[in-house]
Amino acid sequence: MDTLKNFKRSDYCGTLRASDAGRTVSVCGWVQRQRNLGSLIFVDLRDRTGLLQLSFDDATDPAIFQKAAGLRAEYVIAATGLVRERESKTDKIPTGDIEIEVQELRLLAASETPPFEIVENSDVNDMLRLKYRYLDLRRPDMQRAILMRHKITKVARDYFDENGFLEIETPMLTKSTPEGARDYLVPSRVHPGSFYALPQSPQQYKQLLMLSGFDRYMQIVRCFRDEDLRADRQPEFTQIDLEMSFINEDEILAIQEGFIKRVFKEVLDVDVSTPFLRMPWREAMDRFGSDKPDMRFGFELTDISDIVKDCAFKVFSEPVAAGGSVRLINVKGGGGAFPRKKIDSLADYVKTYKAKGLAWTRLHEGTVTSSYQKMLTDEENAAILARAGAEDGDLILIVGDAKNEIVFAALGALRCECARRLGILKKDDYKFLWVTEFPMFEYSEEEGRYVAMHHPFTAPLEEDIGKLETDKAGCRARAYDIVLNGTELGGGSIRINTPEMQETMFRALGFTNEDAMARFGHLINAFKYGAPPHGGLAYGLDRLCMLMAGLDSIRDCIAFPKVQNASEPMTACPAEVDQKQLDELGIAVTVRE
């Protein structure tokens with residue numbers, strides 16, 4: 001093998017153009033492919049910037065020509081030569097007008113035949129891609145996603161620095177304060193039987209920084225949550241984390257809109273209109289069945305409980321009598337796109353959201369067919385269609401349940417599924433929304449009590465302060481989420497800043513004074529020394545990158561992600577450790593059956 005001694009790269013492959021003709025350049029990279037035509041050899045050389053054609057012909061030194069003949073895909077090489085116009089140009093790559101007439105060739109490393117071809121938009125099995133992630137990351141589309149992630153973080157640092165934010169690191173080894181997702185625990189060798197926790201977020205530390213007088217904080221920070229995975233969730237993820245003092249909601253949202261406007265312009269050259277639409281949580285749920293609604297299309301929820309509450313069809317009347325509701329969506333254009341078989345598949349789809357079934361009316365080419373029409377009076381049927389604004393070509397889909405949360409979840413997901421199947425969603429159509437006035441609490445069936453919907457440091461709306469302990473279901477928070485195309489990009493709130501209010505909040509959550517001090521005593525004590533009014537927000541960097549890159553999963557914008565069971569196929573972690581390590585930590589492992 002050759003070395004790079006006395007060799008210096010002058011250019012990246014994808015940066016050369018016709019204007020460089022006549023220059024002698026030195027380039028490095030991986031062989032994409034080699035084409036041996038006998039008296040001519042062409043090699044497509046690839047680096048992170050793109051492809052460049054290397055040319056070897058009768059005028060090439062025989063030893064160099066022979067070396068080129070032995071090149072294979074993914075060999076690592078360096079070449080020096082003259083930039084010249086290609087005889088056969090192509091517009092498929094930016095360097096398609098030129099090639100390098102090679103005068104020196106160095107073979108730096110050979111490669112075995114890779115388990116899959118390193119090409120754009122590979123359809124290789126995901127597990128194979130992740131097992132050989134270092135090869136997968138060579139693909140141009142993967143490199144573009146990682147490059148975009150870099151650009152987003154650079155814009156974030158520049159923008160927030162210009163707006164007076166200081167980047168301050170917070171600890172990775174913290175105290176476990178169970179109130180939310182499960183913690184990842186780290187045993188302490190120095191303190192046997194005690195554990196650190198990896199931070200679910202820097203929430204308490206950034207609030208303490210506000211008490212410390214730093215006024216504006218930001219951090220691009222790793223966070224860890226031991227929870228089930230999905231397309232936009234990983235056990236370890238990255239936040240653009242922010243906190244500000246002496247500020248209100250309007251100021252916080254305006255600063256964030258400025259960041260979004262800046263990052264979309266600089267990274268995608270897309271102009272984003274501000275201010276963003278704002279919508280209270282209650283309205284979002286009533287209209288879209290979701291607190292992160294996709295605003296690129298309609299199909300809004302409509303309540304028909306008053307129409308069907310006394311009807312003879314018990315599938316409709318019983319949920320209303322039990323305190324629930326019956327609601328519909330009108331899928332415009334769905335009458336022709338969803339024949340009976342596809343409607344049945346939609347019924348199966350809503351069952352995954354615990355809906356018991358799906359009632360429907362299809363209006364197509366002047367004919368009305370329905371799953372429930374015969375069960376209702378003509379007046380009731382007409383009233384439903386009128387409430388839905390139904391026209392020929394529409395598909396009316398109805399879900400009822402004694403639990404409104406099931407109705408919302410089923411129809412909220414169904415409207416998005418119908419839009420996907422109709423093919424009306426465009427990834428480059430960016431619709432932003434602020435969802436505000438979230439409930440302060442949500443009831444946990446698992447714990448049998450109300451828990452904080454966001455976290456225990458969120459301030460209530462001033463008019464709802466009196467409800468903290470008397471009307472948890474009706475208490476609203478000074479919390480807000482930023483939503484893009486049905487994905488929550490980030491969320492935050494105005495924080496509690498007095499010990500009295502914080503103690504009230506802990507009581508409302510069912511903590512005794514002893515519990516609160518054991519978990520959060522450091523914060524409670526800090527609040528006694530003058531805490532400024534403060535609030536903040538954290539973006540999911542992975543989700544922001546996913547949406548800006550037009551990807552379907554955050555895994556494709558994370559260099560080394562985990563899979564569904566929180567393992568990493570490439571390194572085969574998590575893995576067992578040596579008994580010696582366990583003995584040093586004083587840990588005995590019991591494997592659950």
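This short talk covers strands, cysteines, aromatic rings and one surface patch in a predicted model.

Some ground rules. Residues are numbered from 1 along each chain as its sequence is written, and side-chain values use heavy atoms, with hydrogens and water left out. Because this is a predicted model, local features need pLDDT of at least 70 and side-chain atom pairs count only at pLDDT 80 or more, while totals for chains, interfaces and linings use all residues.

Strands to begin. Strands are DSSP runs of E with at least two residues, helices are runs of H or I with at least four, and both are numbered from the N terminus. Two strands pair if DSSP finds at least two bridges between them. Look at β5, residues 98-109. Strand β3, residues 50-56, pairs with β5 in the parallel sense, over two bridges. There, serine 55 stands opposite glutamate 101. Strand β4, residues 76-85, runs antiparallel to β5, and ten bridges join them. Alanine 78 has arginine 106 in β5 as its bridge partner.

Now cysteines. How many disulfides are there? A disulfide is a pair of cysteine sulfur atoms within 2.5 Å. By this rule, the count is zero. Take cysteine 13: the nearest cysteine sulfur belongs to cysteine 28, 7.9 Å away. Cysteine 545 has its closest cysteine sulfur in cysteine 557, at 3.9 Å, so that is too far for a bond. Buried means under 20% relative accessible area, exposed means over 50%, and partly exposed is in between (1.4 Å probe, protein chains only). Cysteine 13 counts as buried, at 0%. Cysteine 545 is buried too, also at 0%.

On to the rings. Rings of Phe, Tyr and Trp (its six-membered ring) pair if their centres lie within 6.5 Å; planes under 30 degrees apart are stacked, over 60 edge-to-face, the rest tilted. The whole structure has 19 aromatic pairs. Phenylalanine 276 and phenylalanine 432 are stacked, 4.7 Å centre to centre, with 10° between the planes. This pair links distant parts of the chain, 156 residues apart: phenylalanine 276 is in the loop between α6 and β11, phenylalanine 432 in strand β17. Phenylalanine 276 is buried at 6% relative accessibility, and phenylalanine 432 is buried at 10%. Phenylalanine 313 and phenylalanine 316 are edge-to-face: 4.9 Å between centres, 70° between planes. Both are buried.

Last, the surface. Met172, Leu173 and Tyr196 form a nonpolar patch there, with about 240 Å² of accessible area together. Tyrosine 196 sits in strand β8, residues 195-198. Tyrosine 196 counts as partly exposed, because its relative accessibility is 31%. Like charges are joined within 9 Å, nonpolar side chains (Val, Leu, Ile, Met, Phe, Trp, Tyr) within 5 Å. Accessible areas come from the Shrake-Rupley method with a 1.4 Å probe; for residues, only the protein chains shown count as cover.

Conventions:
Patches are made of residues with over 30% relative accessible area and no salt bridge: like charges are joined within 9 Å, nonpolar side chains (Val, Leu, Ile, Met, Phe, Trp, Tyr) within 5 Å. A salt bridge is a side-chain nitrogen of Lys or Arg within 4 Å of a carboxyl oxygen of Asp or Glu.
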